[in-house]
Amino acid sequence: MSNLEQTASASGFDRAGTGDTSSPSHRGLAPVIGKRGLLLLSWLAPVMLVIIWEIAAKAGWVSPQVLPAPSKVLHTAIKLAATGSLLGDLRVSLLRAATGFALGGSVGFTLGVLVGFSRIAEAAIDRSVQMIRAIPFLALLPLVIVWLGVGEAEKIFLVALGVTFPIYINTTLGIRQVDPKLIELGRIQGLGPFELIRRIVLPGALPSILTGVRYALATAWLALVVAETIGAESGIGFLAMDAREFLRTDVIVLTIAIYAVIGVAADAIARLLERRLLAWHPNYGGSR
Amino acid sequence: MIPQVPAPPSSPAIDPPAVVVSNLRRAYGDRVIIRNLNLRIERGEFVALLGESGCGKTTLLRALAGLDPIEGGRIVAPRRPAVVFQEPRLLPWDTLWRNVSLGLAAPDAYARAAFALAEVGLGDRLDDWPRNLSGGQAQRVALARALVQEPQLLLLDEPFAALDALTRIRMHDLVRELVAKHRPGVLLVTHDVDEAITLADRILVMRHGVIAFEHQTKGAGPASISRGDLLAELGVVSHAAA
């Protein structure tokens, strides 16, 4: 990935014609340490924190009931993975998140495209959507449980609800922000309405839509944690609540860590998507 | 396969004109921008349109391009005109050849785009991104995109205004050469009197929505009209010329 960045920024310099190969983003003493050194430094603090935590737990300064040692959590992870229960729960959680994301994403994107293109659709839809958006979507949880009970449908619905709005807003915004001069150009070049959308409007709206996707991934994950914590017979959240019954803090910490890792992974995938799809964009494919 | 450029017609008089405008009227509400304007441009003829800001010359160009509705009169053109604007208007998410072939519904769109880019001296940059281009290069791509359509009418809306002086001179030569080769009728809207004198076969000056002055340089040569005369027509009293 760093290789890719270097090629991109190098071509940027060709254009500027400076021929300078050092990165302009380096500040102060940074050039002395170098890129690799800075990366190492950024990992120093988190690693130190884990080491201190391990020492504190092992020395008995912190009760295992309060916070088990990281090594203990890792041990539990291996044990649970070996029995297969951890992977099963992980699969269930990921499936819920993916289904909810696909549903909410489709609804948000469709509504966003409609409202982005048509003033009539905007008048008909936008105010209602904005009013529903004003409700913190997690506040709807009791109502959703009354409607759908505690089950798969309720969890998927909650995830979809959280995903719909960020996708909707960013799709609408992206379409609105497409340069009208480029749309005019499309008309001059004789593009029909379908081609105009495919060649100009959607590519122009893509940076904004992908921002929506990244934001929606975070909301989806949050919705899933809440839904699984309220009531579930399987999934990572179930694992955590089950462990609470038996005061298994090691399992609870493990589930929290899993939530964190998957959240980071989802964000990384979204970033990768941005890099690939927005290679033309100076802010994404270029020097960053 | 390299696409064939249609052979230059033997006589412009036999060809249908690139555009005929009769009694054109354009207005925004009560404000009349263009009143009863008549204009005929032959194929292969290079017409420059001068005028102060707000005289209606860009409005005329937009009406010819079919971008705005017209309130009265007729515009008869055999085909959709091509336009080059002051800014290149390249799609940043498409490579250069994709930009040039935009709207080109031919099976050999790639070959045509490659040929057009080669004509403007960018034949080795087919897969490059617009962001890697200088202002002059980007404008050359816009010119290639216009000419690849084989237009019978080419509308140029101050296409050289944002370029530096040297690039502008090179662009003048390139445009003159390509127009001679493809033979579209050209309407160049410009502020630059010298540009009009160098490039045009005929110079028009627009004032208050009508064509107030016309001068044929073709045959007579660029020396047949002085800079000072044209500036006077534009309402600029030049002491240096007197």
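Among contacts in chain A between residues at least 6 apart in sequence, what percentage join residues at least 24 apart? The reply is 70%, where two residues are in contact if their C-beta atoms, placed from the backbone, lie within 7 Å.

1. Basis of the note. This is a predicted model, in which local features need pLDDT of at least 70 and side-chain atom pairs count only at pLDDT 80 or more, while totals for chains, interfaces and linings use all residues. Residues are numbered from 1 along each chain as its sequence is written, and chains are lettered from A and ligands numbered from 1 in the order in which they are written.

2. Chain A overall. Eleven helices and zero strands make up the secondary structure of chain A; helices (H or I, at least four residues) and strands (E, at least two) are DSSP runs, numbered from the N terminus. Of its 288 residues, 30% count as buried. A residue is buried if 20 or more other C-beta atoms lie within 10 Å of its own, exposed if 12 or fewer, and partly exposed in between, with C-beta atoms placed from the backbone.

3. Helix α5 of chain A. This helix covers residues 119–133, and its end C-alpha atoms are 20 Å apart, in agreement with the 21 Å that its 15 residues should span at 1.5 Å a residue; the expected span is 1.5 Å times one less than the number of residues. A kink of about 40° is centred on Ile125(A), the bend being the angle between axes fitted to the seven residues ending at a residue and the seven starting there.

4. Contact between the chains. Chain A supplies 15 residues to the contact and chain B supplies 13 residues. On the side of chain A that touches chain B, the elements giving two or more residues are α1 (2–16), α8 (180–188) and α9 (193–230) of chain A. α8(A) gives the most, with five residues.

5. Strand β7 of chain B. All five residues of β7(B), residues 185–189, are buried. Gly185(B), Leu187(B) and Val189(B) point one way, and Val186(B) and Leu188(B) the other way. In a regular strand the side chains alternate between the two faces of the sheet.

6. Partners of β7(B). Strand β3 (residues 46–50) of chain B pairs with β7(B) in the parallel sense over four bridges; two strands pair if DSSP finds at least two bridges between them. Ala48(B) has Leu188(B) as its bridge partner. Strand β6 (residues 153–157) of chain B runs parallel to β7(B), joined to it by five bridges, and Leu153(B) has Gly185(B) as its bridge partner.

7. The β1(B) pairings. Strand β1 (residues 19–28) and strand β2 (residues 31–41) of chain B pair in the antiparallel sense over seven bridges. In their hairpin, which has two residues between the strands, Gly29(B) takes a positive phi near 65°. β1(B) also pairs with strand β4 (residues 72–76) of chain B, in the antiparallel sense over four bridges.

8. Arg183(B) has a positive phi of about 55° although it is not a glycine; it is buried, with 23 other C-beta atoms within 10 Å. Glu150(B), with a positive phi near 50°, counts as partly exposed because it has 17 C-beta neighbours inside 10 Å.
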